[in-house]
Amino acid sequence: MVNEVFDSNWIAPLGAMVCGFEQDLVKYTGAGHAATLSSGTAAIHLALVMLDVQPGDYVICQSLTFSASANPIRYLGATPVFVDSEAETWNMCPEALEEAVVGCVEGRMQKTGAGRDLSGKERDSRKAGRPKAIIPVHLYGMPAKMDEIRAVAEKYDIPIIEDAAEALGSRIRDIMCGNMGDMGILSFNGNKIITTSGGGALLSDDQALMKKARFLATQARDPAPHYEHSEIGYNYRLSNVLAGIGRGQMKSIDERVAQRRFNYTFYHNLLKDVPGISFLPEPEGFFSNRWLTTIQVDPEKSNGITRETIRLALEKENIESRPLWKPMHLQPVFTGYPYFGHTVAEKLFDNGLCLPSGSGMSDEDRERVGACLMKVTNSTAC
Ligand SMILES: *Cc1c(COP(=O)(O)O)cnc(C)c1O
């Protein structure tokens with residue numbers, strides 16, 4: 001596919017390969033339209049721009065996520081309002097979401113849950129009012145409880161930007177992640193289930209909105225023979241060369257999902273009876289691409305073994321594993337922004353570990369990781 005791009009000598013943003021990649025994404029996700037972009041972060045930023053997010057506006061965001069879900073809220077000077085997770089999917093808790101919406105509308109967010117006081121500057125600039133958007137995330141490929149989240153969004157008439165960066169190939173019943181909100185975003189960064197080295201996409205059924213997204217992503221150039229601009233634009237389109245990589249990768253998406261799910265099954269079979277270790281099962285009707293296999297380690301039930309015991313034992317064998325994403329409401333950079341919920345996300349972070357989960361893991365790789373996991377979980381227990 002990349003050679004095809006070079007043969008056509010169309011080494012540029014946009015081009016036939018970009019159109020083809022966008023069609024592949026439409027076909028795979030069922031979304032009405034797809035615009036490929038330079039990153040998933042750019043897609044979230046554009047989505048917020050199109051919802052007219054302004055300084056002082058509220059945007060609700062899942063707290064347990066990668067910082068890229070929340071950073072674009074600050075690019076626009078808006079106020080992120082973080083929401084806790086529920087224990088079943090580890091994603092945005094619908095009840096805490098509703099508390100957050102009501103808190104924003106009534107302007108009494110500091111009192112709620114573990115909420116933090118806004119800094120003086122934030123307090124001055126904030127306008128009480130309905131949040132401009134809700135950003136749920138399908139973390140590690142597990143779909144969020146979108147039926148319940150959508151019910152809250154519809155009740156208060158707030159658009160959903162669905163962060164499906166980690167969840168291409170996941171679904172609830174027959175609806176694919178990325179196609180469950182008003183807009184959805186994907187990432188093709190190097191660590192994701194398919195990659196273009198760097199890249200992303202915005203998905204939506206709304207044709208006018210997608211036309212606007214393409215316009216803004218291409219430096220907001222008005223139709224005129226000269227360069228005419230009546231809006232601030234961005235250089236956010238994907239290169240035709242990278243779209244060639246993406247089209248190649250889309251051919252193997254189903255295989256990669258199967259490989260990732262195989263990793264999960266392997267770890268699950270190996271560790272399911274180890275006291276204190278638990279997995280993230282799929283709720284009825286949910287299908288996860290199992291982008292990463294994650295475990296919870298409860299030291300009270302595991303004879304004192306913690307996720308750090310396991311992480312360090314793996315590291316000694318030169319095997320990398322990582323704690324879960326640290327919740328945004330605990331990040332220094334987001335100190336002072338409102339938070340709604342309890343300590344679900346915090347506990348998941350404290351006890352959670354992402355195990356090696358690459359699509360390219362061989363049987364030997366899995367055996368090597370598995371042997372180390374068995375050793376560390378047994379030896380301390382004895
Ligand atoms: C990777 C990721 C993003 C950002 O995507 P980029 O393409 O790296 O900008 C956003 N949200 C989540 C949850 C991610 O994992």
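An oxygen atom of the ligand lies 2.7 Å from a polar backbone atom of glycine 40; a polar contact is a pair of N or O atoms within 3.5 Å, and within protein one atom must be able to donate a hydrogen and the other to accept it, with residues adjacent in sequence counting only if both atoms are side-chain atoms.

| Residue | Part of the residue | Distance to a ligand oxygen atom |
|---|---|---|
| Glycine 40 | polar backbone atom | 2.7 Å |
| Lysine 192 | N or O atom in the side chain | 3.4 Å |
| Glycine 199 | backbone N or O atom | 3.5 Å |

The protein covers 94% of the 380 Å² of accessible area that the ligand has on its own. Accessible areas come from the Shrake-Rupley method with a 1.4 Å probe, and for residues only the protein chains shown count as cover. Around the ligand are 15 residues, the closest being Thr41, Asp163, Glu166, Ser187 and Lys192; a residue is near a molecule or strand if one of its heavy atoms lies within 4 Å of it.

The model is predicted: local features need pLDDT of at least 70, side-chain atom pairs count only at pLDDT 80 or more, and totals for chains, interfaces and linings use all residues. Residues are numbered from 1 along each chain as its sequence is written, and side-chain values use heavy atoms, with hydrogens and water left out.

**Aromatic pairs**

The structure holds 9 aromatic pairs, a pair being rings of Phe, Tyr and Trp (its six-membered ring) with centres within 6.5 Å, called stacked if the planes are under 30 degrees apart, edge-to-face if over 60 and tilted otherwise. One of them joins tyrosine 140 and tryptophan 291 in a stacked arrangement, 6.3 Å centre to centre and with 15° between the planes. Tyrosine 140 belongs to the loop between strand S4 (133-135) and helix H7 (146-155), and tryptophan 291 to the loop between strand S11 (286-287) and strand S12 (294-297), so the pair ties together parts that are 151 residues apart in sequence. Helices (H or I, at least four residues) and strands (E, at least two) are DSSP runs, numbered from the N terminus.

Tyrosine 140 is buried, at 3% relative accessibility, and tryptophan 291 is buried with a relative accessible area of 3%. Buried means under 20% relative accessible area, exposed over 50%, and partly exposed in between (1.4 Å probe, protein chains only).

Tyrosine 140 also forms a stacked pair with tryptophan 325, at 6.4 Å centre to centre and 10° between the planes. Tryptophan 325 lies in the loop between strand S13 (322-323) and strand S14 (339-340), so its pairing with tyrosine 140 ties together parts 185 residues apart in sequence. Tryptophan 325 is partly exposed, at 22% relative accessibility. Phe66, Tyr140, Trp291 and Trp325 make up one aromatic cluster.

**Charges over rings**

The charged end of arginine 171 sits over the ring of phenylalanine 287, 4.3 Å from the ring centre; such a placement requires NZ of Lys or CZ of Arg within 6 Å of the ring centre and within 35 degrees of the ring normal. Arginine 221 lies over the face of tyrosine 227, 3.9 Å from the ring centre.

**Cysteines**

The whole structure contains 0 disulfides, a disulfide being a pair of cysteine sulfur atoms within 2.5 Å. For cysteine 354, the nearest cysteine sulfur is that of cysteine 372, 16 Å away.
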